[in-house]
Amino acid sequence: MIPMSRWMLGLLRAWWVDPLIATVAFGAAINIYWREERKQGLSCYNQWNTKVSLDPEKAPVFVSLVCYWAGILVWKLFVSAPGELPDGIPVIWEPMTSLYLIAEVVSGILLYDALFFFVHLAMHECVAIRNLHARHHSRPEGTLEARDVLRHSFADGSLQVILNIVAQRRTPWGSVKSRLARALHNVIVTWMLTESHTASPTPNVFRRWFVGVREHRMHHLGVSDVREYGRYHRHQQFFGYLDDFRSWCLYVGLHGHTPVKNKWCCTLVIAGFLTSVQTHMQSSTRP
């Protein structure tokens, strides 16, 4: 392990390192895909100054940046840390430490994806809160770019950030999540989210492996056949098992069995989401 002075360790353990890594990772991913979109003539924005406009229609990245950091500051003021965060740096001669780090990262991504599925589905199926998500789908039909990953309302974006924080506080088995696992989580998740929205076919990193990333553009562009709704109109951002199960339920309903009505779907979605969050928050408040 590389020797580090006390002030360097203090810098790396500062509270703002996590959001800074997420910010840099998002910025890097968006700019990489935006460059590919421009090279292939797929971007409506060809000038850098559109990134820093105060008009959220032209510069969702800049507006989201400001709102994100404001929200993080508010969270920091009112919500305490889940406990002392371990560094999580694996020891080369102890393979189990590397496997544990991988388990932390994978479980966090799975948890975030599952939690957001319920919120995302509710924002589409529950009329009362549908407007919260409308801005994310406000692009002209047939257009979607990497930067549109951050085109959303304040409430919509805040829900995503809060769910990500909840998923990052503790592992599903109750341990405080390490700093390195949090950093890797933020880098991977921001790239996957950006890749799922881009119009560029390259770089093709996570789309080749994860159906939610690969088919998220279909969710925005839409499909007309209700029988394909769960298959190509996915609400999971990365994976697809929950959408596949929901698609099966809809298929059963279309073939003469008792269909799942929207009001019951809305109730089940909200109940499932609240139960998931409550369970995880209970583990997060353990000493």
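The entries run from overall make-up to single residues.

**Ground rules.** I am working with a predicted model, in which local features need pLDDT of at least 70 and side-chain atom pairs count only at pLDDT 80 or more, while totals for chains, interfaces and linings use all residues. Residues are numbered from 1 along each chain as its sequence is written, and side-chain values use heavy atoms, with hydrogens and water left out.

**Confidence.** I looked up pLDDT, the predictor's confidence in each residue, from 0 to 100. The protein chain has a mean of 79, and 75% of its residues reach 70 or more. Among the elements, α7 has the highest mean pLDDT (94) and helix α10 (residues 229-232) the lowest (47). Over residues 224-231 the pLDDT stays under 50, and the model has 14 contacts for them beyond four places in sequence; I take contact as heavy atoms within 4.5 Å. Residues 283-287 are also below 50, with ten contacts beyond near neighbours in sequence.

**Make-up.** I find twelve helices and zero strands in the protein chain. Helices (H or I, at least four residues) and strands (E, at least two) are DSSP runs, numbered from the N terminus. Of the 287 residues, 43% are buried, where buried means under 20% relative accessible area, exposed over 50% and partly exposed in between (1.4 Å probe, protein chains only). Among contacts between residues at least 6 apart in sequence, 66% join residues at least 24 apart.

**Helix spans.** I checked two helices against the expected span, 1.5 Å times one less than the number of residues. The 23 residues of α2 reach 33 Å from first C-alpha to last, close to the 33 Å expected. The 16 residues of α6 should span 22 Å, and the end C-alpha atoms are 22 Å apart, which agrees. Just after α2, Gly41 takes a positive phi of about 70°.

**Core.** Which residues touch the most other members of the largest nonpolar core? They are Tyr112, Leu193 and Phe238, in a core of 29 residues. A nonpolar core is a set of buried Ala, Val, Leu, Ile, Met, Phe, Trp, Tyr and Cys residues joined through side-chain atoms within 4.5 Å. Beyond four places in sequence, Tyr112 touches residues including Gln160, Leu163, Val189, Leu193 and Phe238. Of these, Gln160 and Leu163 are among the buried residues of α6.

**Thr198.** I find Thr198 in the loop between α7 and α8 (211-214). Is Thr198 buried or exposed? Thr198 counts as buried because its relative accessibility is 1%. Its side chain makes a polar contact of 2.8 Å with the side chain of Glu37. By polar contact I mean a pair of N or O atoms within 3.5 Å; within protein, one must be able to donate a hydrogen and the other to accept it, and residues adjacent in sequence count only if both atoms are side-chain atoms. Glu37 is itself buried in α2. Thr198 also touches Tyr33, Arg207 and Arg217, among others.

**Glu195.** This residue lies in helix α7. Glu195 is buried, with a relative accessible area of 1%. A polar contact of 3.0 Å joins the side chains of Glu195 and Arg207. Glu195 is also in contact with residues including Tyr33, Pro203 and Val213. Glu195 and Arg217 are 22 residues apart in sequence and 9.8 Å apart in space, C-alpha to C-alpha.
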